[in-house]
Amino acid sequence: MLGVLTLAVLLVLTVDRLYGHSTIAFATAIILLLVANAPMLRFNCPRCGKNAFFRGVFVVPWPNRICTRCAEDLDSVLPKNAGG
């Protein structure tokens with residue numbers, strides 16, 4: 001995620017240096033960051049469905065090891081045939 005953030009900032013700075021202020025560069029950077037964040041939104045607790053990256057209203061770059069809602073151990077490895 002830090003690499004994608006760096007890439008987005010460098011993209012905006014490069015376009016700003018070469019062509020002047022461009023809203024297209026900002027829009028591209030935002031879309032790039034949204035695509036990079038998509039996997040984080042799918043990392044949910046298997047028992048209750050709470051996202052492991054959310055701490056209340058804040059989002060942090062590392063997931064919880066234990067679900068804060070139902071106390072499920074999210075660090076344990078599921079069997080290969082779990083879930084059907």
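Buried means under 20% relative accessible area, exposed over 50%, and partly exposed in between, with a 1.4 Å probe and protein chains only. By this scale A71 is exposed, because its relative accessibility is 56%. The structure is a predicted model, in which local features need pLDDT of at least 70, side-chain atom pairs count only at pLDDT 80 or more, and totals for chains, interfaces and linings use all residues. Residues are numbered from 1 along each chain as its sequence is written, and side-chain values use heavy atoms, with hydrogens and water left out.

Helices (H or I, at least four residues) and strands (E, at least two) are DSSP runs, numbered from the N terminus. Helix α2 covers residues 23-41 and has 19 residues. The expected span of a helix is 1.5 Å times one less than its number of residues. S22 caps the N-terminal end of α2. A side-chain oxygen of S22 lies 3.2 Å from the backbone nitrogen of I24. A polar contact is a pair of N or O atoms within 3.5 Å; within protein, one must be able to donate a hydrogen and the other to accept it, and residues adjacent in sequence count only if both atoms are side-chain atoms.

The packing of α2 was examined next. Its buried residues are A25, A29 and M40. They pack against α1 (2-19) and β2 (58-59), where contact means heavy atoms within 4.5 Å. Two packed helices are described by the angle between their axes and the distance between the axes. The axes of α1 and α2 come within 9 Å and cross at roughly 170°. The helices α1 and α2 are therefore roughly antiparallel. Axes are lines fitted to C-alpha atoms, for helices over the stretch in contact, and angles run from 0 to 180 degrees between N-to-C directions. Angles under 35 degrees count as roughly parallel, over 145 as roughly antiparallel, 65 to 115 as roughly perpendicular and the rest as oblique.

On the α1 side, the contact involves V4, L5, L7, A8, L11, V12 and V15. These meet A25, F26, T28, A29, L32, L33 and A36 of α2. The residues of this contact divide into 13 nonpolar, one polar and no charged. Here Ala, Val, Leu, Ile, Met, Phe, Trp, Tyr, Cys and Pro count as nonpolar, Asp, Glu, Lys and Arg as charged, and the others, Gly among them, as polar.

M40 lies in α2. Its relative accessible area is 19%, so M40 is buried. M40 touches N51, F53, V59 and V60, not counting residues up to four places away in sequence. The C-alpha atoms of M40 and N51 are separated by 8.2 Å, at 11 residues apart along the chain.

Two residues of α1 were also examined. L2 lies in helix α1 and is exposed, with a relative accessible area of 64%. The C-alpha atoms of L2 and P61 are 9.3 Å apart, across 59 residues of chain. L13 also lies in α1. L13 is partly exposed, at 48% relative accessible area. The C-alpha atoms of L13 and L41 are separated by 28 Å, with the residues 28 apart along the chain.

The segment after β2 holds A71 and E72. A71 has a positive phi of about 65° although it is not a glycine. E72 is buried, with a relative accessible area of 19%. E72 touches C45, R47, R65, I66 and C67, not counting residues up to four places away in sequence.
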